[in-house]
Amino acid sequence: MICSYCETENKEVASHCDFCGAPLKKQRPRMKEFLYLDQCELPFRELSSFHTYDLLILLRLVREERTKAYNLMRSLLKAPEGVLIDSETLIFSESEYRRYTARMKVIEGILVDRMGYKPKRVDDKLLMSLQVKMEKAKRKQ
């Protein structure tokens, strides 16, 4: 079995690389074809197996939803006194904001572990530069 980190040949029965000690059976993160917002609800273990690029895109989606939830919550709180707002609607908007905030922090935490920082903004420029770096690394292999 060939180590996916140092590319050293190992015995089939080995669980760790003889040279570098990396686990031989561990799958390295691969980019997904499609990402959708509901994936932010996955448990930490599954999210940590996502590729860094995918986590950045998921963070972007979660931050957008969080902003929408915040704007809804603020507009409900600032509604004129004559407008009746159902308390369930207000509670729902607040819970959505809290939920997306918590999910955002989980994804940011994983990114801090990998990158050493959490990106202030996940814009097209950041994603394009990362994609260019990945393509260059593929060509070298």
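## Helix packing and selected residues

Helix α2 (residues 52–77) and helix α3 (residues 87–115) pack with their axes 8 Å apart and at an angle of about 155°, where axes are lines fitted to C-alpha atoms, for helices over the stretch in contact, and angles run from 0 to 180 degrees between N-to-C directions. Helices here are DSSP runs (H or I, at least four residues), numbered from the N terminus. This is a predicted model, in which local features need pLDDT of at least 70 and side-chain atom pairs count only at pLDDT 80 or more, whereas totals for chains, interfaces and linings use all residues. Residues are numbered from 1 along each chain as its sequence is written, and side-chain values use heavy atoms, with hydrogens and water left out.

### Helix pairs

Given their angle, α2 and α3 are roughly antiparallel to each other (angles under 35 degrees count as roughly parallel, over 145 as roughly antiparallel, 65 to 115 as roughly perpendicular and the rest as oblique). The residues of the contact of α2 with α3 divide into 19 nonpolar, 4 polar and 8 charged, with Ala, Val, Leu, Ile, Met, Phe, Trp, Tyr, Cys and Pro counted as nonpolar, Asp, Glu, Lys and Arg as charged, and the others, Gly among them, as polar.

For α2 and helix α4 (residues 124–140), the axes come within 11 Å and cross at roughly 170°, which makes α2 roughly antiparallel to α4. On the α2 side this contact (heavy atoms within 4.5 Å) is made by Tyr53, Leu56, Ile57 and Arg60, and on the α4 side by Asp124, Leu126, Leu127, Leu130, Gln131 and Met134. The residues of the contact of α2 with α4 divide into 7 nonpolar, 1 polar and 2 charged.

### Cysteines

A search of the whole structure finds 0 disulfides, a disulfide being a pair of cysteine sulfur atoms within 2.5 Å. For Cys17, the closest cysteine sulfur is that of Cys6, at 3.5 Å, which is too far for a bond. For Cys20, the closest cysteine sulfur is that of Cys3, and at 3.7 Å that pair is likewise too far for a bond.

### Accessibility of individual residues

The table gives relative accessible areas, with buried meaning under 20%, exposed over 50%, and partly exposed in between (1.4 Å probe, protein chains only).

| Residue | Relative accessible area | Class |
|---|---|---|
| Cys17 | 5% | buried |
| Cys20 | 38% | partly exposed |
| Glu7 | 60% | exposed |
| Gln39 | 9% | buried |
| Cys40 | 1% | buried |
| Lys105 | 54% | exposed |

Glu7 lies in the segment before α1 (44–47), and its phi is near 60°, a positive value in a residue other than glycine. Gln39 is also found in the segment before α1; leaving aside its neighbours within four places in sequence, Gln39 is in contact with Lys32, Phe34, Leu47, Phe50 and Leu58.

Cys40 lies in the segment before α1 as well, and, with its neighbours within four places in sequence left aside, Cys40 is in contact with Leu47, Leu58, Val62, Tyr100, Arg103 and Ile107. The C-alpha atoms of Cys40 and Val106 are separated by 8.9 Å, although the two residues are 66 residues apart along the chain.

Lys105 lies in helix α3. Between Lys105 and Ser87, which are 18 residues apart in sequence, the C-alpha to C-alpha distance is 27 Å.

Definitions and conventions: Helix = DSSP H or I, 4+ residues; strand = E, 2+ residues; numbered from the N terminus.
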